[in-house]
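Here are my notes on the cavity and on one helix pair. Please read them with the structure open.

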Amino acid sequence: MTDSNQLVAKVRGLASSQVSILVGVLAVLTIVFTVLEPKFFSTATANNILTDWGSVVLIAVGQTFVVISGGIDLSVGAVIGLSGVISAYFMVNVLGFDSTTKPGDAYAPLLLGALVSIGVGILVGLVNAVLINKAKIVPFIATLATMGAALGLSVIISSGMPIGGPNDFKIISALNPKTMPLSIAVILVAVIVTIAGLFLHKSRFGLYTYAIGSNAFAARAAGINVERQITKIYALSGALAGFAGIYVYMRLGAGSPSSGTGRELDAIAAVVIGGASLMGGVGRIWGTVLGTLILFTVQSGLIMIGVAPDWKKVVVAILIAAAVAAQTLQSKNGRR
């Protein structure tokens, strides 16, 4: 093969890669919405998109691990609400801090609250794993059950009302509203997502996750402890949902039982748009990251051009259907 042919092959491979396609889609969406509404291309809009992205990309990354392993986790949205409520309750009723606490004094309780929030997520993840591994309940039903339980507990603990607690909104606010749309919280989320990506694509843990999703029977025959790996995967998904819970708490300044309602659908949409297969064995963190950005770019763009916010869930459902249909067509063409 000549140098020119090799160059053409590389360009074609790059152009057909999932990440390149998603970057292209994101660029086209940005151009279209900017033409329709020039204010879309602004630091303020970027800040709004990235702030929304921060909480959902956490549960979407956890969902990526779960989906690659051949499972599904419907409890992540409810865990956001439950972990936020329990964290707020802990900071207010155990530590003795409330919404009147000065921002400079809020860092210690927020750190402890974050640990509690992540702990709650891990606990729910372990319950999911027990239901799947020991009770032999399929992941869809197991996580649907824990979703209902988490929603109920968050309402019981909070009496159905948000629990306000200590906070410093500077953590979740843009570093410079005019030139820098990133906040400290978003930067921290980006670091966590990067670590998770390296963990999935460069470690034995990731290799085992792909193996289980591709063929659990063959993975078990190869000596992989499938049940233990599944436990770790759902615990990780729960931990990231718990982290998203404290993220949303800092954004709202309170723990609300409804703060994560419907977010599991956003997470699944982001994962599927990012190229992961709901059949298992396929998926990449960078695809999920871009899928989440596309999701919120579309939602923000539609709102800015005058589409009612009530259409958001309809748009998410359409994006999921379109992404799955594209995967099906790609798979059929690949077989040919």
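1. Terms come first. A helix here is a DSSP run of H or I with at least four residues, and helices are numbered from the N terminus. A residue counts as lining when it has an atom within 4 Å of a cavity point. The model is predicted.

2. How many cavities of 30 Å³ or more are there? The count comes to 1 cavity. The volume of the largest cavity is about 50 Å³.

3. Next, the lining. The largest cavity is lined by Q299, L302, I303, V307, A308, P309, W311, K312 and V315. By class, this lining holds 7 nonpolar residues, 1 polar and 1 charged.

4. Which helices supply at least two residues each to this lining? They are α12 (285–304) and α13 (312–335). The biggest share comes from α12, which gives 3 residues.

5. Now the helix pair. Helix α7 spans residues 184–202, and helix α10 spans residues 226–252. Their axes come within 12 Å and cross at roughly 175 degrees. Angles over 145 degrees count as roughly antiparallel. Therefore α7 and α10 are roughly antiparallel to each other.

6. Which residues make the contact? On the α7 side they are A185, V186, L188, V189 and I192. On the α10 side they are L240, F243 and Y247. The contact of α7 with α10 has 8 nonpolar residues, with no polar and no charged ones.

How values were computed. Residues numbered from 1 in each chain as written. Predicted model: local features only at pLDDT ≥ 70, side-chain atom pairs only at ≥ 80, totals over all residues. Heavy atoms only, no water. 1 Å grid on protein atoms, 1.4 Å probe; cavity = no way out; pocket = protein on both sides within 12 Å on 5 of 7 lines; lining within 4 Å. Points joined across faces, edges and corners; volume = space filled by probe spheres on them. Nonpolar A, V, L, I, M, F, W, Y, C, P; charged D, E, K, R; others polar. Axes fitted to C-alpha atoms, helices over the stretch in contact; angles between N-to-C directions. Parallel < 35°, antiparallel > 145°, perpendicular 65-115°, else oblique. Contact = heavy atoms within 4.5 Å.
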